[in-house]
Amino acid sequence: PTVQTMQRSIGSSRITSIREQDLTGISELLHGATPEAVAAIDWLRPDFVDADGVLLGLVQAFVLEHDGRLIVIDTCVGNGKDLPVVEEWTGLDTDFLDRFRAAGFDPAAVDVVLCTHLHLDHVGWNTYHDGERWQPTFPNGRHLFNRVEYDFWQGEADTTYVPAAGEPEQLVAVRQVFADTQVRVQRDSVQPIVDAGLADFVEAPCELFPGLRLLPTPGHTPGHVSVEITSDGSRALVTGDSFHHPCQIAQPTWAALPDSDQVQSISTRRRMLAEVADTDVLVIGTHFAEPVCGRVVTDGDSHRFVTDA
């Protein structure tokens with residue numbers, strides 16, 4: 001397959017994006033991201049919003065070559081998964097692994113797999129179906145899960161969803177199908193890794209290896225983490241879903257419907273923006289469209305995302 005990827009050096013390390021598919025429906029996920037409000041953020045065009053005002057994004061994995069290790073950060077949706085919350089992702093059949101290999105990487109050579117959180121579009125290629133059962137896609141990789149995140153979703157999978165008093169019927173329906181989906185995600189994409197003895201549980205913040213840290217960025221999920229990479233004086237931050245789209249750099253209060261704690265997710269974004277604004281930190285958005293990465297600069301009483309494009 002034709003491989004069109006973001007590839008950047010971070011000091012002596014290198015990060016490459018492997019695209020699985022376009023991410024659609026972002027506008028419907030973000031509270032406040034109306035066409036009029038998005039149009040007011042002029043720097044989003046042309047990379048991050050189309051001519052009709054639709055927010056653009058990607059489902060992608062990152063391969064990090066760092067200090068002699070091959071590390072995969074988040075593993076997209078995966079093929080053949082049962083995911084009722086997103087109908088078009090159920091039974092998906094993409095050439096992701098062909099793209100992975102065409103970019104020069106061997107799944108068997110992966111040393112480490114990091115998942116920023118355990119939602120369906122970040123753990124899917126942890127496993128593939130061999131016709132009989134779900135098998136690890138990266139059979140020699142240690143899969144590092146934040147303990148808080150794993151315990152939360154394992155607990156959710158073991159309990160029945162009970163709507164909160166007064167929850168709107170439509171929201172109850174969405175949350176119910178999401179809960180049902182997450183049970184399948186745990187069963188098909190997470191637990192087989194644990195059963196294969198390939199999982200290690202860590203507690204953020206933590207330094208995994210020299211120059212590679214997991215930073216707690218909760219809100220989207222209780223144990224959500226972002227990944228900090230430092231090499232030869234250069235620094236980068238892989239956001240995970242603390243930011244779904246660059247518009248949240250300008251409008252951090254635009255929380256996402258799937259956020260488990262929207263107040264906390266807003267607080268996390270504001271804190272992250274304060275830490276990276278007007279610095280040389282390369283911000284790499286897990287769902288950001290090409291060119292995927294850039295730097296955050298102060299823009300009046302807000303911020304903007306500046307890319308090399």
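Author: Let us begin with contacts, where contact means heavy atoms within 4.5 Å. Leaving aside neighbours within four places in sequence, Q182 is in contact with L118, H119, L120 and W153. This glutamine, Q182, is found in helix α6, which covers residues 169–195; helices (H or I, at least four residues) and strands (E, at least two) are DSSP runs, numbered from the N terminus.

Reader: What should I know about the origin of the model and its numbering before I go on?

Author: This is a predicted model, in which local features need pLDDT of at least 70 and side-chain atom pairs count only at pLDDT 80 or more, while totals for chains, interfaces and linings use all residues. Residues are numbered from 1 along each chain as its sequence is written, and side-chain values use heavy atoms, with hydrogens and water left out.

Reader: Is Q182 buried or exposed?

Author: The general idea is that buried means under 20% relative accessible area, exposed over 50%, and partly exposed in between (1.4 Å probe, protein chains only). Q182 has 3% relative accessibility, and therefore counts as buried. For the protein chain, buried residues make up 51% of the 309 residues.

Reader: How many helices and strands are there in the protein chain, and how does one judge the radius of gyration?

Author: The protein chain has eight helices and 16 strands. The radius of gyration is taken over C-alpha atoms, and the globule rule is 2.2 Å times the number of residues to the power 0.38. For 309 residues a compact globule would have a value near 19 Å, and the 18 Å of the protein chain agrees with that. Along its principal axes, the C-alpha trace spans about 55 × 55 × 35 Å. Of the contacts between residues at least 6 apart in sequence, 67% join residues at least 24 apart.

Reader: Which residues is L30 in contact with, leaving aside its neighbours within four places in sequence?

Author: L30 is in contact with L55, H244, H245, C247, Q248, W254, A255 and A256. Its place is in the loop between α1 (26–29) and α2 (35–39), and with a relative accessible area of 4%, L30 is buried. As a separate exercise in comparing sequence with space, L30 and T116 are 86 residues apart in sequence and 20 Å apart in space, C-alpha to C-alpha.

Reader: Where do R271 and E275 lie?

Author: R271 and E275 both lie in helix α8 (residues 262–276), four residues apart, which is about one turn of the helix. Their side chains meet in a salt bridge at 3.8 Å, N to O; R271 is partly exposed at 34% relative accessibility, as is E275 at 47%. The side chains of E228 and R235 also meet in a salt bridge, at 2.7 Å, N to O; here E228 is buried, with a relative accessible area of 11%, whereas R235 is partly exposed at 34%. Salt bridges can also be linked in a network, as D42, D299 and R304 are.

Reader: Which backbone features deserve attention as I follow the chain?

Author: One feature is the cis peptide bond, with omega near 0 degrees, which is found from R45 to P46 and from A204 to P205. P46 is placed in the loop between α2 and β3, and P205 in the loop between β9 (199–202) and β10 (206–209). Another feature is a positive phi in a residue that is not a glycine: C76 has a value of about 60 degrees, and phi of D278 is near 60 degrees. C76 lies in the loop between β4 (69–73) and α3 (96–102) and is buried at 0% relative accessibility, while D278 lies in the loop between α8 and β14 (282–284).

Technical notes. Salt bridge = Lys/Arg side-chain N within 4 Å of Asp/Glu carboxyl O.
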